[in-house]
Amino acid sequence: MSARTVNVAIIGGGLMGREIAAALRRWPALVDHPVTPRLVAVCDINPTALEWFANIDTVRLTTTDHRELLADPDIDVVYIAVRHDLHEELYVDTIRAGKALLAEKPFGIDRAAADAILTAIEETPGSFVRVSSEMPFFPGAQWAIDYVRSGALGRLIEAKCTFLHASDLDTAKPVNWKRQKQFCGDAGVMNDLGMHTWHVPLRLGWRPERVFGVLQDIVTERPGPDGVLQPCDTWDNAVIHSRAEHEGVPFALTTATKRIAPGEKNTWEFEAIGMSGGVRFSTKNPKEVQVFAVVDVPGVGREQSWQRIDSGSQSVWPTVTGPNFEGGFSDAILQMWAAFLAEHAGVLGDRFGTVRPDEAALTHRIFAAAIASHENGALVAPEA
Ligand SMILES: NC(=O)c1ccc[n+]([C@@H]2O[C@H](COP(=O)([O-])OP(=O)(O)OC[C@H]3O[C@@H](n4cnc5c(N)ncnc54)[C@H](O)[C@@H]3O)[C@@H](O)[C@H]2O)c1
């Protein structure tokens, strides 16, 4: 198959901008992908951030003005990784410029921003927008999703999806934009990590009817650049309990996003437990998937058993990597881009895809309902 070249640009050359630039350089690992992305332009308001991209020989435009980048007719696809308060303006400008967009979460700082982005999509013929969420592209996560879809769970009892960080346990860690409401948003940690915990549940059709939010702002001040304490006014930890339906039967669905989960470094976990089966995956042991079954134990009889299986390296799009090798975060990013560009090219088929704009907008409604629930102690239905 001859691959079509797609010219990619990045707006926001920080942590995630560099990660994506690196992932695109690993594209030859994918087998028979229909497109070949080429990073041609990068925008960051900080010229120092642009210096890192000088090492990438395909980059022919670096700029501090996103309008200059969007005016370039040869750019097909834009990835944007900036502060949450900047999402709405930059996403809307990109969509209206006729570029395909892989947006970062949380897809606008709040529900109103997400809705403004949806309006731009509706008003722009041919627009194609998806939202970043890479953890479900771990091979073990894909196994877990396929297990649920197989029907092996039987009647679903409960499911859980969590995303856990721990570096905020250090109260001397300086404040940054992700810990300030004005830049991160009222939803705090949910804006930061919540898309990761809702991508799989929503894609499996698990839409919460009513939610109960348990939110915590544990560290309320952190040192600023001069060492003086500044407000750190975002939720640190958020647990959302809810009721959803699987095949018409209600079950307990919980998502948890925590910046203070001691010992955890970017741990994404998914678990679904039913009357006939169960499945668990955690990036803590990234090779391992656990499945539940009642088995015959020789000499003992029928027993309940959690079995541990190594999942290997293959995810949504095949790679040259040996199937028995293990993968990690960077591989999940590559797989997410493989899915995004395949869907853009119309050839994703029934493979697992990146978050859709309607799903992203729904997460803002869920977070708002969780905050309202936390404040008034009631179950709250996410707004339509
Ligand atoms: N998918 C993931 O796993 C993941 C992980 C971390 C962050 N994120 C998301 O990515 C986004 C960015 O986070 P980050 O950690 O990369 O942030 P960051 O602070 O490391 O980088 C943001 C960059 O944007 C630049 N910038 C600010 N305003 C700009 C503008 N108007 N035009 C161009 N560049 C501008 C900054 O100078 C900075 O270099 C956020 O939405 C965040 O939630 C996603």
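This is a predicted model: local features need pLDDT of at least 70, side-chain atom pairs count only at pLDDT 80 or more; totals for chains, interfaces and linings use all residues.

Reader: How are S15 and S16 paired, and over how many bridges?

Author: Strand S15 (residues 288–297) and S16 pair in the antiparallel sense over 10 bridges. Helices (H or I, at least four residues) and strands (E, at least two) are DSSP runs, numbered from the N terminus. Two strands count as paired if DSSP finds at least two bridges between them.

Reader: And what's the strand order of the eight-stranded open sheet?

Author: The order is S8-S11-S12-S7-S13-S14-S15-S16, and the pairing is mixed. S8 and strand S16 (301–310) are the edge strands, each with a single partner strand, so one side of each is left without a neighbour in the sheet. From one strand to the next, the twist averages 15°. For angles, axes are lines fitted to C-alpha atoms (for helices over the stretch in contact), and values run from 0 to 180 degrees between N-to-C directions.

Reader: What does H8 touch on the sheet?

Author: H8 packs against strand S7 (156–164), S11, S12 and strand S13 (267–274), and its direction makes about 145° with that of S12. Contact here means that the C-beta atoms of two residues, placed from the backbone, lie within 7 Å. H10 packs on the sheet too, touching S8 and S11, with its direction at about 70° to that of S8.

Reader: At what angle do H8 and H10 cross?

Author: Roughly 115°, with the axes of helix H8 (residues 189–203) and helix H10 (residues 357–376) coming within 10 Å. The crossing of H8 and H10 is right-handed, meaning that the near helix is turned clockwise from the far one by less than a right angle.

Reader: Which residues make that contact?

Author: From H8, they are Met190, Asn191, Gly194, Met195, Trp198 and Leu202; from H10, Glu359, Ala360, Leu362, Thr363, Ile366, Phe367 and Ala370. By class, the H8–H10 contact has nine nonpolar, three polar and one charged residues. Ala, Val, Leu, Ile, Met, Phe, Trp, Tyr, Cys and Pro count as nonpolar, Asp, Glu, Lys and Arg as charged, and the others, Gly among them, as polar.

Reader: What about the six-stranded sheet, what's its order?

Author: S3-S2-S1-S4-S5-S6, open, with parallel pairing. Strand S3 (61–63) and strand S6 (129–131) stand at the edges with a single partner strand each, so one side of each is left without a neighbour in the sheet. Neighbouring strands of this sheet are turned by 25° against each other on average, direction ignored. Strand S2 (residues 35–43) and S3 are parallel over three bridges, and Cys43 stands opposite Thr63 in S3.

Reader: Changing topic: where is the cis peptide bond?

Author: The bond from Lys105 to Pro106 is cis, with omega near 10°. Pro106 sits in the loop between strand S5 (100–103) and helix H5 (111–123). Phe107 is found in the loop between S5 and H5 as well, and has a positive phi of about 65° although it is not a glycine. Most residues other than glycine have a negative phi, and most peptide bonds are trans.

Reader: Last one: which residues come nearest the ligand?

Author: Of the 22 residues around the ligand, Gly12, Gly14, Leu15, Met16 and Glu104 do. The shell around the ligand has nine nonpolar, seven polar and six charged residues.

How values were computed
Residues are numbered from 1 along each chain as its sequence is written. A residue is near a molecule or strand if its C-beta atom, placed from the backbone, lies within 6 Å of it.
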